[in-house]
Every structure is written in structure tokens, then in C-alpha cells.
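User: Got a new model to look over. Can we start with the ring contacts and then move on to the strands?

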Amino acid sequence: MTSEDKRILKLFQSEDNRLKEQEFSRGFTRNDEVCLAFINEGRAFTDGINITVDPAMDKIFSDDNALRKTSEKLGFTETITDRWTALFLTTRAQEIHECLHIIYTQFPPPALRDKRSTDRIRTVVLAMVDNIIEDAYIENIGVSEYPETEVYLRWGRVSHLYADSPEQGTLSEALSFTEDSTGEKSEEINAVEYILDYCAAKLLYTMTEIGEPLIKYAPYIDKVYPLFYEGSLCGTPAKRHEYACMIFDILEQMLPDCIPEFQLLGKMLGGAGTHGISGNSLGGQSSDGQEAEITRRLFTDFVGNMIEFDKNGEIVSQLINDCADEYSEQNDAVMAVVQPYYVTIPGSQTGAAVMHREIKIKEYHPIPDALLEKSYCMTQRQFSRIINNYKRRFERLIHTEVEYTERKKYFGAGISSKDLTDVKKRYWYRTYHEESTPELAVLLMIDGSGSMRGARRNAAVQASVILHEVLESHSIEHCIVEHRAIYDEPLVEHNILLDFNHRTRDKFNIMRLSADHGTREGLSLYWAQRYIENNSSAKNKVIIVISDGLPAHECSTSSYYPPVSTMDTSNATNRISHSETKIVAAALGSDCYSDLKEIYPKTVECSELEKLPAKLLKMVSDELNR
């Protein structure tokens, strides 16, 4: 996605939009307890009361080719090219689908309590058969009972066909089921998985040509597909599950030793969370589902002939116009109120070495994203006991005896020469001691290079959350910054995830931490010194660096690799350490400790990533007691 696509997605996933869609869901289901949430996880599901949708499903809204092909396949007189319209259609399609499940589907999934579910494999396969039948029924009953939903249900089904993924290509290509010259698929595939894939494709994608099945599976498909079809037209929820059981009984002898992955099937269904066996919410609602008879199917009649839709283009034209007006209003409102900003600083202004003169620093100030709140709160809850434990331990570590001096006294412990000219003859000073927390400002600099991907990045996020919660509870000034240098560009990025003067919601930005490109640590350290001195008045200042290797970066103006980068960063460390600002480092792994020790004299090895929070807090307490 381009930066503009990301901006539009973020704009669409606003709290106002979420509430608007939630109100639609409540009205559709006639249930004021229904709650709706946006995620970016490529799936949509409901537990009978809570609906979760992904507006950016399959990134269809930002894929011009997929939008064009979807519009053509649906026979739209106008091609959908507008990002906002595509987001609205995709969101509303998922939302209506899940609302129909709430009305007509049994919750919890009947496979969980069926006598056939004697182990996990059988439960998963039976639930997946239920899933296929329920999804087909839901779309058929949607257009039967609520004709105005047709444009959304059609969009939701067809857009899956052209969503491209690097691993599997488009779903349209995958549904060809083409045999090779020997009549066999070239890749090995589990029998049950193949049969369910084929039947789901034939049942749900009646608008496209499905190839002939493999010869060895054709007899089984001939037996189970009529049951799938009859089940998808059955108006009684319990009876639909009976059809699923009959299909399962035929396929049970072919069950594999391990649970099938159902990758293609998951792509066809847009996720199987609604009928999954693990449960998606603690607040799910039990329901037997309403009975309703189908009067028509989504794409074809009962004979198999295609049903024309919006022949004059009036429905789609009105939809596009309405979306354009709404986007314009919301865009103007958000642009006027809250937008992230950045400051560009020439490298020459930081006092860094000449090699950084042509490098620009972009200092980003993101706004807190409500979508990250859930991730932050989950991390906070996960480590709540550790956070509370560190708060108590930190209390004991940081409270020390601090010496204070009072001047201009008539009597005291000594005479202050600078006060000898005082006309009131207040020459004396006196000292006293008090237990308190010394002034300290902490700037946490996190390596954002590509080598931090995975466990190290996750450890840095978790440690940052814990560090913030502990320092915040003791009113210690702190700032968290992610730094990286962009390869092939004379550019260094500093993302200020949490500023010294942060608001409560700014902490959600910690979850933005990512890993890509390289680093120019020498330049970044000079920037960090300048930033902490300009933004904090604390007497003691410390920069804590989290890194997993030596700095490296290359662009047209200069190459920044060891030993040059090592020497430059070491010089920066030594120079800064002679000022009021001190530097300490945490080396993530024994493999990089010796290298970083050459750069940072005060370096702590952290091979066990789960101990990173404790190491960081020890660094802070050491600086407080220094």
C-alpha cells in the first residue's frame, strides 16, 4: 500500500466510522447489544453478539487491477476505483454477512457438542463442513429476505476472486482445479481438504467456471455435493447441521492423521472464525438461529442460470456518489483536527562528522492510533504482574538521600563568597538531606533495522511497555524513539513513539515499532543528545540504546559500514559522554555484545530477551544513584 492508501485506511477506521457501522449492525440484527470492531488481520467473524471486520481484507481497496476485475465480473456500469468506496463496500459486505449469521446461525457452533467430535481433527473438519453450508445459506437468505443487501453480498464474494497474494496467486486461478496430462494434480494434497475445497468453490462461486475434479476424488464429490447443495437451501439451522453430519460420515474414513491447513478454503470463506472451535470472544451469545425459507440464490436461479443485477447501473452510481460525499466531509474534518507531522533536520546541524553532512533526519511525531489500543492493553495485561513487581522493586532502588543547599541565610554551615555583597548580610548557606527521587530524563533509542525482526522486535516492544508503565508511575521523564537509516537514500528516520511531554494515549504508538533498512547510529546519537537537552530540564540525562549489531547504511552520498561506522559511533559516544548526558547500551545477544562493547563502554549483555525489562530498569536505577 502507498502512504496515501494507508492514510485513507486510517481515516476510514476512525472511531466515528466504527460507531456508525456498529449502529447499522444493531439496526440490522435488531439487537442493541451487538458490538463491532475493526481489525487488520485478514479475517471477519462473529461469536453471536460481537462482530469483527477487516476493511482492508485482501488489500482489495488498494489493488486497482482487482477493483477493475471485480467491477467487470459483477457487471457494474461504472468501475469502482475510489479507495473510500471500495473500503465501504468491503466493510459493509463482511458486516452484513456476520449480521446474517447472528440472525440465522446456531451459536456456539454445533460441531462443538456433536457426538462425532471425538478428537480435535474430527471437530475441525465437521466445523468446516458446517461453515461451508452456513456461508452459502447466509448469502442466499440475505438476498431472499433483504434484497437491498445484494450489491454488498455480491461484492464480498467476487472480490475474493481477484485478491492477489504472493504465495498463492489469485483465488480465481486457484479455483481452476486443472488436471495435468496424467489426470493428477502436480502437488500432493490431502483428500478431505481437496474435496471440501472443490465443493465450496462449486457452491459459493457459481459465477465462475470450476474445472473438473481429480478422477480419484470424483466419486466422493458426486456423493457429498448434492448434500452441500440441499443444506445450503435448508431453512432450519438444526437440519443444516444434519446435512453437515451426513457429509462428515462419508468423508470420515479419509481423515488425515493431522489437522488440514485449509488454506484455500480459508481464502474462499474469508476466514473461518465464526465457526471455529477455539472461540473468539468471552462474551459470545447462545442462539438456535431463526428459520427462514430461501426464495432465490445470490448469483443463479435454482436451475443454474445467472441472475442479472443493476442492469441500468443506478444502484452502483448512487452508491459511488454517496461514498464520495461522505469521504470528502470526513477527510476535511480530520485534516483540520489531528494529523501527524514531521520535522526535517540537516545532518550538518547536529554536530556529527562530515560524512553525515548530506544526510537528512526526518523526526516523525505520529498521532496515537485507536486500533493499537487493543494490542497495547493486551501486552499490558500479559505483563501486569511483572509491571507491578517492578514498580515495587524500583521504588526501593531509586529512593536515595539527596543533598539540597539553601543560600542567603543569616546563620548556616559556611559562607558563600558570591553573597558577600548582599546588603542584608545573608552570607551563609546551609545543607540538608532528604529522601527523594533524583531528577532524571531517559531517552530510549531502539534499533529499527531489519535485523530486529521477530523475537528481538517483540522483546523491544514488551520491554518498552513495561519500562513506560514503571517510569510513568514514578513520574520519571522519558521518551521512546525508533531510529533507522533508509538504504539507497540519504535519509535517517527518527519515529518519536513516546515524547517527553506525552499524553496518556500516546503510549499506544509503542506498538508501531517495526524493523527495516539499516542504521546510522553515530548521527542518531548526536540527534538524541540534541533532542534530550532541548526537551528536558532534568539535572541528569541518560540515553539508553537497544541494539542487536553494528550500524550499517549505504546511499549515493556515503557508505556507512564497519569499521568506519564503528569508529564514527564510538567517537560520538565518547564525545557525548563528556557532556551532562550519559549513554548506556543493551546488546540483544551474545553475538553482538563484543562488537557493541567497542562502541559503548557501558554495555549490558541481554541474551535472554525476557530479561530485557529488568536490565533496562537496572540501567535507570544505576544512573539515578550515580
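User: How many aromatic pairs does a search of the whole structure find?
Analyst: It finds 11 aromatic pairs. Keep in mind that this is a predicted model.

User: What is the geometry of the pair formed by Tyr 104 and Tyr 137?
Analyst: Edge-to-face. The centres are 6.3 Å apart and the planes make an angle of 80°.

User: Which parts does that pair tie together?
Analyst: Tyr 104 is in helix 4 (residues 83-104), and Tyr 137 is in helix 5 (residues 120-145). The two parts are 33 residues apart in sequence, so the pair ties them together across that separation.

User: Is Tyr 104 buried or exposed? And Tyr 137, buried or exposed?
Analyst: Tyr 104 is buried, at 2% relative accessible area. Tyr 137 is buried too, at 0%.

User: How are the rings of Tyr 194 and Tyr 217 arranged?
Analyst: The ring centres lie 5.1 Å apart. The planes are at 35°, so the pair counts as tilted. Tyr 194 sits in helix 8 (residues 191-204). Tyr 217 sits in the loop between helix 8 and helix 9 (218-232), 23 residues from Tyr 194. Both Tyr 194 and Tyr 217 are buried.

User: Which residue lies over the face of Tyr 137?
Analyst: Arg 240, at 3.7 Å from the ring centre. There is also Lys 239, which lies over the face of Tyr 243 at 5.9 Å from the ring centre.

User: Which residues form an aromatic cluster with Trp 84?
Analyst: Phe 12 and Phe 38.

User: Switching to strands. How many helices and strands are there in the chain?
Analyst: The protein chain has 19 helices and 18 strands.

User: In which sense does strand 7 pair with strand 13, parallel or antiparallel? And strand 12 with strand 13?
Analyst: Strand 7 (residues 360-365) pairs with strand 13 in the parallel sense, over five bridges. Tyr 364 has Asn 495 in strand 13 as its bridge partner. Strand 12 (residues 477-486) pairs with strand 13 in the antiparallel sense, over seven bridges. There, Ile 486 stands opposite Leu 491.

User: What do strand 12 and strand 13 form?
Analyst: A hairpin, with four residues between the strands. Asp 488 in the turn has a positive phi of about 70°.

User: Last one, the whole chain. What share of the residues is buried?
Analyst: 53% of the 626 residues. The chain exposes about 28,900 Å², with carbon and sulfur atoms supplying 48% of that area.

Methods. Residues are numbered from 1 along each chain as its sequence is written. This is a predicted model: local features need pLDDT of at least 70, side-chain atom pairs count only at pLDDT 80 or more; totals for chains, interfaces and linings use all residues. Side-chain values use heavy atoms; hydrogens and water are left out. Rings of Phe, Tyr and Trp (its six-membered ring) pair if their centres lie within 6.5 Å; planes under 30 degrees apart count as stacked, over 60 as edge-to-face and the rest as tilted. Buried means under 20% relative accessible area, exposed over 50%, partly exposed in between (1.4 Å probe, protein chains only). A charge sits over a ring if NZ of Lys or CZ of Arg is within 6 Å of the ring centre and within 35 degrees of the ring normal. Accessible areas come from the Shrake-Rupley method with a 1.4 Å probe; for residues, only the protein chains shown count as cover. Two strands pair if DSSP finds at least two bridges between them.
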